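Please open the structure in your viewer and keep the selection panel at hand. The stops below follow one another, each with something to select and a description of what is found there.

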Amino acid sequence: MADSSSTYQAGGSGDQPKKSIIPGFGRFKVALSTVLTMEIIMQLAYIFEYPNCLIDGLRKADTTTSCALLMVSGMEERGQIAPHDISQLLDSLKEIGNPGTASTVQELFLKHTGSQLDPVPSPGPVPTPDHVPPPNQESDVPDTMSTFIQELKETGKALYDKIQPIPYIKDELDSVDKVFIEVGLERRVGKDSWKKLGSYHDIFPKEKGNPRIQIIEGDPGYGKSTLALQMVYDWCNEVSGSPFSGPDILICLNLRQLKGITSIAQAIKQCSLPFDSKLKLLDVEQLISKSNIWVIFDAYDEYPDQHNKVNFVMQMLKGKIGQHVNILLTTRSSCIPPALGARTGRIRLTGFDNAAQERYIRKVVTGDDEVVKKVLKHLNINPTLGVLCRAPLFSVMYAHLTHKGSMLHEISSVTGFFGHMISCFLSHTQNKLSGADESPENLQTHADTHAALDKLAFEALTSKMQQLVWDRTFFVGELGEVFYKLYVDVGILVEEKETHIPAPGKVPQHKTVVRFYHKLFGEWYAAYHLIECVKSRSYILPENINLYDLKFLFMFACGLDQPGGSQVIKLLGERKDGAESVVLCAPQLKEWSHDIQTTVRRIVSSGIDIYISDSRLLQQSTIQLLELASQHKIPISQVMLLESFSSVDPDSLPLVLRSGLCLPPLSTLKELVIWTEPGREVTVDEWTGILNYTNQCQLLKKLKLDLCLLPWMDSFPTSLGSVEVRWVTAIDGHEYTLQSGRWQNWRSGGILTRGAYDDLNEDSGEILTRGAYDDLVTKFRERCSDTPWQERRRAERE
C-alpha cells in the first residue's frame with residue numbers, strides 16, 4: 001500500500017473534498033511512535049489538555065508501542081502534527097525538557113517527508129464534522145460566539161439566581177444582587193503588608209503591567225463564593241461601572257466539580273454550558289483561544305486534583321498554558337497554591353464590619369429600626385458573637401435566626417453557636433414535616449443518629465484529596481433513605497446534577513451527587529467521629545492533615561465533648577505544627593485538666609505572638625487562652641504584638657488591638673513587646689496608658705517598644721522601678737533603656753536630654769543650637785518618611 005496522508009482541499013466536481021497525497025508522512029508517524037516513551041506520552045497528553053477519557057485510554061494500552069500509536073493518531077486528529085507542520089509537537093517536547101527527543105523527531109520528519117519545516121501553509125488537521133465547516137463555506141464564528149455567550153449567561157443565571165441564605169428556606173431563593181453586601185478587601189503590597197481596597201471593582205488594577213492572576217483568600221464563611229457569583233451577575237447583566245462586565249467572556253468554575261478534567265475547554269463544556277448545547281469541545285477551544293476571557297476558579301481548597309502537579313489549573317496559574325486568560329482563584333487562607341510567580345496578585349477578605357452587618361440586615365432581613373438595633377446590640381456586647389459574625393456566613397445566619405426568635409445571642413463559644421444553629425435548622429424542618437410521613441419522635445431519632453454521616457465527613461476531610469462530593473446512590477446506601485431525605489429537606493445536604501462529557505461520539509452521562517451546604521457543616525459532623533476516634537488512646541492524627549485548614553473540626557470536637565476534647569488537645573500539642581491549633585481549641589473547653597494545663601504551659605513558655613495579619617478568630621482565641629492561663633497561674637514568658645497594637649483604653653486599661661479586640665492585663669505575664677507599625681509616633685496618652693497597663697501585670701519584668709517614636713516625658717511612674725524598659729527606634733545607634741527616670745543609650749551609655757546643645761553645621765560652619773530629643777525626632781521622621789504611618793500623618797496635617 002502506498003504511504004500517504006490525506007487532507008481535505010476544496011475544489012473538484014461538486015466542490016467535494018479530495019485527497020492530497022503527502023509521501024512519507026505515514027512512515028514518519030510509525031517512526032515517531034518508536035521514540036515516544038510512556039513518560040513523554042503522558043506529559044504531552046497533559047500539555048495538550050487531552051480529555052480524561054483519552055488519557056485513561058492511553059494508560060490502558062496493552063504495550064508502549066500501542067500507546068504511542070494511539071498518541072500519534074490523537075496528535076494528528078487535533079492538528080498537533082500535520083503533513084507540513086510538526087512545530088507544536090517540537091515546542092512541547094522542548095517545554096517538558098526533552099530537546100534531544102525534539103531533535104530526533106525533527107530529523108525523522110526531514111528523513112521521511114523531506115520537509116525543512118519552513119513556513120509552508122499547513123492544510124490543518126484532518127477535518128471532522130465537529131470542528132471544520134463544509135468545503136467552500138465560511139466559518140460561522142460570529143454566530144458561534146453569540147451562541148457561546150448566550151449559553152454561558154444562561155448557566156450563569158442559574159448559579160447566581162438561587163442564593164439560599166438559610167439552608168432550610170428553599171422557597172425564598174434570591175438573586176445574588178438582592179443579598180450581596182461588600183466585604184472588606186485588602187491587597188498585599190510587598191512581602192507582609194496589606195492595603196485596604198475600596199471595592200471588589202478594584203481587584204484587577206487598571207494600571208498596565210499589573211498581575212493578570214489574582215488569588216482571593218479568606219477564612220471559611222468569609223464570602224468568597226458569593227463574591228464570585230456577584231462577578232458573574234455583573235457580566236451576565238452588563239452592570240454599568242463594573243469591570244467584570246467588560247470581558248468578552250467570564251466563566252465561573254467550581255473546582256470541586258473538576259475531578260479528572262484535563263483542560264479549561266473540557267471544564268467549560270462540562271460545567272458551564274447547557275446539557276443540550278450544540279457547541280462541540282473543539283468549538284469551545286477555538287472560541288476561548290481568540291477571546292478576552294476571564295475565568296474564576298472557585299474553592300481551590302476543595303479541588304480534588306490540587307495534589308496532581310500537572311493539573312491544568314496549576315499549569316494556567318504558572319503561565320504554561322492560557323497566557324491570555326485573566327484568572328481569579330478563590331481559596332481558604334490555609335490553602336494557597338504553591339510556587340506561584342512573583343506577578344501573581346493576592347487579595348484577602350476581611351469580613352463584615354459593623355456597618356456591613358447593618359447594611360445586610362436592612363437590605364435582606366428587615367428595615368424596622370428597632371429590630372435592627374436589637375439584632376446588632378448583642379454583637380457589640382458579646383465578644384464571641386462579635387468575632388464570629390465578622391464571617392458573613394455566621395453574620396447572615398445570626399441575623400435571620402435572631403429575627404425569627406432564636407436565642408443565639410446567649411452563646412459564648414464557637415461550638416455553642418454552630419450547635420444551636422443546627423438545632424434551629426432541624427427543629428424548623430421537623431415542625432414543617434411533622435404529621436406528613438413521620439412522627440416528630442421518629443424525625444428526632446433520625447436527626448440525632450448521624451454516626452454514618454460523621455464517618456463519611458471525617459474520612460473525606462482527612463483524605464489527601466478532600467473530596468466532599470458523593471454519588472447520591474452510594475450516599476443513600478450508607479445513610480438510609482429516611483435520614484438522607486431529612487437532611488436534604490433541612491438543607492444541610494445539597495443535591496447537584498453532574499454531567500460527564502465522554503469521548504466524541506459517546507453519549508453524555510448524568511448523575512446526581514450530594515455535598516454539604518458548606519464545608520463547615522462537614523467539619524461539624526466530622527468532629528463527632530474524631531471524638532469517637534480519640535477514645536482509643538492509641539489513635540494518632542494522620543500526618544497529612546492540614547491543622548489550620550480544619551481548625552473548626554478540632555474546635556467543634558473540643559466543644560462537643562470535654563474528655564474527648566482534652567485528648568484532641570493533647571494530640572495537637574504533640575505535633576510540631578500544633579501550637580496554633582491548641583490556642584484555638586483550648587478556650588472551647590469548659591474545664592482544664594492537668595494534661596491541658598501542661599500542654600498550655602509548654603506553649604506559653606516559649607512566648608505568644610499576635611500578628612496584625614492574624615484573623616480575628618485567632619486573635620480572640622489567643623486572648624482567651626492568655627486570660628485562662630493567667631487564671632490558672634501559668635507563667636507567660638512573653639507576649640509580642642507585631643504591628644497589631646492600636647491604642648489603650650483609658651478607663652479599663654486593656655491594650656486595644658487594630659482588630660478592635662482588647663488584651664486585658666495579665667497577672668502572670670513576664671515580658672511585653674510592642675512592635676508598632678514602622679514610623680509610628682506614640683502619643684503622650686498612649687504612652688501613659690501603656691505604662692499604666694504594665695502596672696496591672698504583677699509579674700512583668702520587661703517592657704520593650706520597637707520601631708516607634710515615643711513622646712518626651714519629664715517623669716515616669718515610680719512603680720516602674722522593677723521593670724526593665726527598652727526603646728528601640730528605627731535609627732541605627734538610637735536604642736535606649738530607662739534608668740532612674742532617664743533614657744540611656746543602650747550602647748554608648750549617653751543620656752538622652754531635652755535640653756539644648758551646640759552643633760556645627762559642617763557645610764556653612766554655622767553653630768546651631770538644638771535639643772537632643774528634637775534632633776532624634778527629625779532623624780526619625782526623615783528615616784521613616786515613606787512609611788504608611790508617616791504618609792497618613794502628613795496627609796492629616798495638610
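The lining of the largest cavity divides into 8 nonpolar, 1 polar and 2 charged residues, where Ala, Val, Leu, Ile, Met, Phe, Trp, Tyr, Cys and Pro count as nonpolar, Asp, Glu, Lys and Arg as charged, and the others, Gly among them, as polar. To display this lining, select Asp219, Pro220, Tyr222, Val387, Leu388, Ala391, Phe394, Lys551, Phe552, Ser615 and Leu617. A cavity here is a set of points on a 1 Å grid over the protein atoms alone where a 1.4 Å probe fits but cannot get out, and lining residues have an atom within 4 Å of a point. Colouring by secondary structure shows that α15 (383-388) and α23 (551-560) each supply at least two of the lining residues; helices are DSSP runs of H or I with at least four residues, strands are runs of E with at least two, and both are numbered from the N terminus. The volume of this cavity is about 80 Å³, a volume being the space filled by probe spheres set on the grid points, which are joined across faces, edges and corners. A search of the whole structure finds 3 cavities of 30 Å³ or more.

Before going on, note that this is a predicted model, in which local features need pLDDT of at least 70 and side-chain atom pairs count only at pLDDT 80 or more, while totals for chains, interfaces and linings use all residues. Residues are numbered from 1 along each chain as its sequence is written, and side-chain values use heavy atoms, with hydrogens and water left out.

Next, select helix α20, residues 472-479, in which Phe475, Val476 and Leu479 are buried; buried means under 20% relative accessible area, exposed over 50%, and partly exposed in between, with a 1.4 Å probe and protein chains only. These three residues lie on the same side of α20, because they cover an arc of only 95° around the axis, the arc being that of the directions from the helix axis to the C-beta atoms. On the other side of α20, Thr473 and Gly477 are exposed. After α20 comes Gly480, with a positive phi near 95°.

Two further stops concern positive phi values at residues other than glycine. Ala299, in the loop between β7 (293-298) and α12 (312-317), is not a glycine, yet its phi is positive at about 70°. With a relative accessible area of 8%, Ala299 is buried. Glu643 sits in the loop between β14 (639-642) and β15 (645-648), and its phi is also positive, about 60°, although Glu643 is not a glycine. At 28% relative accessibility, Glu643 counts as partly exposed. From there, draw a distance to Trp675, which is 32 residues away along the chain, with 5.6 Å between the C-alpha atoms.

Two more pairs can be displayed in this way. Val375 belongs to helix α14 (residues 369-381) and is buried at 3% relative accessibility; 28 residues separate Val375 from His403 in sequence, and the C-alpha to C-alpha distance is 7.1 Å. Ile731, in the loop between β20 (724-728) and β21 (735-739), is buried at 8% relative accessibility. Its C-alpha atom is 9.1 Å from that of Cys784, 53 residues apart along the chain.

Finally, select the cysteines. How many disulfides are there? The count is 0 disulfides, a disulfide being a pair of cysteine sulfur atoms within 2.5 Å. Cys424 is buried at 18% relative accessibility, and Cys697 is buried with a relative accessible area of 3%.

Note on methods. 1 Å grid on protein atoms, 1.4 Å probe; cavity = no way out; pocket = protein on both sides within 12 Å on 5 of 7 lines; lining within 4 Å.
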